[in-house]
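Thanks for opening this one with me. Here are some notes to read alongside the structure, point by point.

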Amino acid sequence: MDAGNPGVFNYKNYMRSNRVYSKLYSRRIELIGKDKNMLRKVKTRFLAYTEAEFSRGLKEDNKNFIFEVFTGINSLDRELKEDFSDLGLSHLLAISGLHISIILLFLSSIFHFFNLHRNIIDIISLLILLIYIYIIDFPSSALRAFLMTTLLIFSRILKKAYDPKKALATSIFIIL
């Protein structure tokens, strides 16, 4: 007879009903084999490369800060995050419109150096931004900024007026 109160959730029976007969605990999990998904490979390699590059010549705290600002991946310890929150600077750690704008400006200036047409620069920059947002797992603030930027660029290409309120509403609708 199982210990417990009658009518209360019974974990053992639940697991048995789902054909789970044992549990396994591990200190380390290692994936053996190759991943066939190209996008996941790009993502994994990019994150590993980025972390390795930030590790060179930087102290651990500085590396973690830059890595989190660049990727949005939680790498700071809880105490430091609380300090950012107390100072009202936690928005710096979230990938948002500021980050997207800086990246877009950087990409545009690089491609402008090659004397490409403005529309080609915008399309290539959007594709690179889309890959970047995929790599950082589509945070909602970055996705909203990307969608609004996309609408801005397409309105410029199509020579239509850009309405930020409509772009925000459209972005929210797409995200939802």
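1. Let us begin with D77, which sits in the loop between α3 (60-71) and α4. This is a predicted model, so please read each point below with that in mind.

2. With 31% relative accessibility, K41 counts as partly exposed.

3. Next, have a look at the salt bridges, of which the structure holds 9. As a reminder, side chains of opposite charge can pair when their charged atoms come close. In one of the salt bridges, the side chains of E51 and K63 meet at 3.2 Å, N to O. E51 lies in helix α2 and K63 in helix α3, so this pair ties together parts that are 12 residues apart in sequence. Are the two partners buried or exposed? E51 is partly exposed, with a relative accessible area of 34%, whereas K63 is buried at 6%.

4. K63 has another partner to look for: a salt bridge links K63 with E60, and the closest N and O atoms are 3.6 Å apart. Both K63 and E60 lie in helix α3, where 3 residues separate them, about one turn of the helix.

5. A further salt bridge joins the side chains of E68 and K81, at 2.7 Å from N to O. Why does this pair tie together parts that are 13 residues apart in sequence? The pair does so because E68 lies in helix α3 and K81 in helix α4. E68 counts as buried, at 2% relative accessibility, while K81 counts as partly exposed, at 27%.

6. Now for the nonpolar side of the surface. F106, I110, F113, F114, L116 and I120 form a nonpolar patch there, and together they have about 640 Å² of accessible area. The largest share of this nonpolar patch, 3 residues, comes from α5. F113 is found in helix α5, and at 71% relative accessibility F113 counts as exposed.

7. Two backbone spots deserve a look. Most residues other than glycine have a negative phi. N115 is not a glycine, yet has a positive phi of about 60°. You will find N115 in the loop between α5 (97-113) and α6 (118-135), and N115 is exposed, with a relative accessible area of 67%. K159 is another residue other than glycine with a positive phi, near 55°. K159 is placed in the loop between α7 (140-157) and α8 (164-175), and at 75% relative accessibility K159 counts as exposed.

8. M148 lies in helix α7. Is M148 buried or exposed? With a relative accessible area of 15%, M148 is buried, because buried means under 20%. From C-alpha to C-alpha, M148 and Y162 are 9.9 Å apart in space, and they are 14 residues apart in sequence.

9. Finally, step back to the whole chain. The protein chain has 8 helices and 0 strands, and from the N terminus on its elements run α-α-α-α-α-α-α-α. What radius of gyration does the protein chain have? The value is 23 Å, whereas a compact globule of 176 residues would have one near 16 Å. Taken along the principal axes, the C-alpha atoms fill a box of roughly 75 × 45 × 45 Å. Of the 176 residues in the protein chain, 24% are buried.

Methods
Residues are numbered from 1 along each chain as its sequence is written. This is a predicted model: local features need pLDDT of at least 70, side-chain atom pairs count only at pLDDT 80 or more; totals for chains, interfaces and linings use all residues. Side-chain values use heavy atoms; hydrogens and water are left out. Buried means under 20% relative accessible area, exposed over 50%, partly exposed in between (1.4 Å probe, protein chains only). Helices (H or I, at least four residues) and strands (E, at least two) are DSSP runs, numbered from the N terminus. The radius of gyration is taken over C-alpha atoms; the globule rule is 2.2 Å times the number of residues to the power 0.38. Patches are made of residues with over 30% relative accessible area and no salt bridge: like charges are joined within 9 Å, nonpolar side chains (Val, Leu, Ile, Met, Phe, Trp, Tyr) within 5 Å. Accessible areas come from the Shrake-Rupley method with a 1.4 Å probe; for residues, only the protein chains shown count as cover. A salt bridge is a side-chain nitrogen of Lys or Arg within 4 Å of a carboxyl oxygen of Asp or Glu.
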